[in-house]
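The stops below go from single side chains out to the whole chain.

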Amino acid sequence: MIKLAIRDDDMNFFTKVEDLEYIYKDFNHFPISYAVVPYVLDVSTRGVCSDTRGNTMPKNVADNKALVEWVRHKIKNGTCDVLLHGVHHSYKFTDKGVKLAEMQWRDNESNLADLLRVEKERLSAVFDYPITCFVAPSNKITKYCLGQVAKAGLNFSGIIPMKPNVNLTVKNLANYAKRWMVRAIYKLPYPGVLEYDNHKEVNACILQTYDYLVKMFEFCCKHNYPMVINVHYWHLLDNPTELEKLRKFVMDYAIPRGAIPTRLSDLLKYAPT
């Protein structure tokens, strides 16, 4: 039996409780790990989180009282997890027009660890829940920013790139080699929890085809790895076929085969090292 987690990104001030209730109504109280943006700006790129489009003033998620109370209630029932998702998830452009995600343009920002620590502690108080994991906006992060995440006392979950973004110690190089070996042999991203010198990481597979999810699940079962699926609530809301694919895989395939619904934070916390 493997641990299965769903990581839903981009919860923010504009997120509507009724949308989340609708999306997960057929998941039988499966615990969802929400990556929360503390002070959201405009994160709307093409087809992405359109509720934030045009927003130029930081909107504090704590001011969405209905959402906060809903999350706190779900936490008490054990069916919700809160992860830190940047600071305001905004984008910047280089002089050449290259778009940079927040954990790219903050590269070498001297007070980043302190900033992340403040938001971790603030949101932990808002939701009455100890936040222990960071998710990079747009799943993009530099080596420096990842180091600052770890310095802030946070673990990490993302679609982890193959390029090394950690210090080259013996332990970290062993993890890097393990990731490369799995990808080279099985053509899959390494799904297990990896312990680095100062933090833990777990990859999240994107919501690809149904056959891909089954292939990943079977691989995880064979090798006793957990499985984390990365989704976005606004995408599921706008794409019913994608929502049904997720529901079908989780509820009709994985759960009947013994998958254990798990919050991502717990998956990292209790992972063997």
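On this tour a residue is called buried when its relative accessible area is under 20%, exposed when it is over 50%, and partly exposed in between, with a 1.4 Å probe and protein chains only as cover. The model is predicted, so local features need pLDDT of at least 70 and side-chain atom pairs count only at pLDDT 80 or more, while totals for chains, interfaces and linings use all residues. Residues are numbered from 1 along each chain as its sequence is written, and side-chain values use heavy atoms, with hydrogens and water left out.

**Stop 1: aromatic pairs**

Rings of Phe, Tyr and Trp (its six-membered ring) pair if their centres lie within 6.5 Å; planes under 30 degrees apart are stacked, over 60 edge-to-face, and the rest tilted. By this rule there are 12 aromatic pairs. Select tyrosine 186 and phenylalanine 219: their ring centres are 4.7 Å apart and their planes meet at 55°, so this pair is tilted. Tyrosine 186 belongs to helix 6 (residues 170-186) and phenylalanine 219 to helix 7 (residues 210-223), so the pair ties together parts 33 residues apart in sequence. Helices here are DSSP runs of H or I with at least four residues, strands are runs of E with at least two, and both are numbered from the N terminus. Are these two residues buried or exposed? Tyrosine 186 is partly exposed, at 32% relative accessible area, whereas phenylalanine 219 is buried at 7%.

Next, select phenylalanine 217 and phenylalanine 249. Their ring centres are 6.0 Å apart and their planes lie at 80°, so the pair is edge-to-face. Phenylalanine 217 is in helix 7 and phenylalanine 249 in helix 9 (residues 240-254), so this pair ties together parts 32 residues apart in sequence. Phenylalanine 217 is buried at 2% relative accessibility, and phenylalanine 249 is buried at 0%.

Then select Tyr24, Phe27, Tyr34 and Trp70, which form one aromatic cluster.

**Stop 2: positive phi angles**

Go to aspartate 128, in the loop between helix 4 (112-127) and strand 8 (133-135). Its phi is near 55°, a positive value in a residue other than glycine. Aspartate 128 is exposed, at 52% relative accessibility.

Asparagine 139 sits in the loop between strand 8 and helix 5 (143-151). The phi of asparagine 139 is near 60°, again positive in a residue other than glycine. Asparagine 139 is buried, at 17% relative accessibility.

**Stop 3: leucine 268**

Select leucine 268 in helix 10 (residues 264-269). Leucine 268 is buried at 1% relative accessibility. Which residues does leucine 268 contact, leaving aside its neighbours within four places in sequence? They are Cys133, Asn155, Phe156, Val193, Lys200, Glu201 and Val202, where contact means heavy atoms within 4.5 Å. The C-alpha atoms of leucine 268 and cysteine 133 are 8.4 Å apart, although 135 residues separate them along the chain.

**Stop 4: the whole chain**

Of the 273 residues, 56% are buried. Among contacts with a separation of 6 or more, 71% are between residues 24 or more positions apart.
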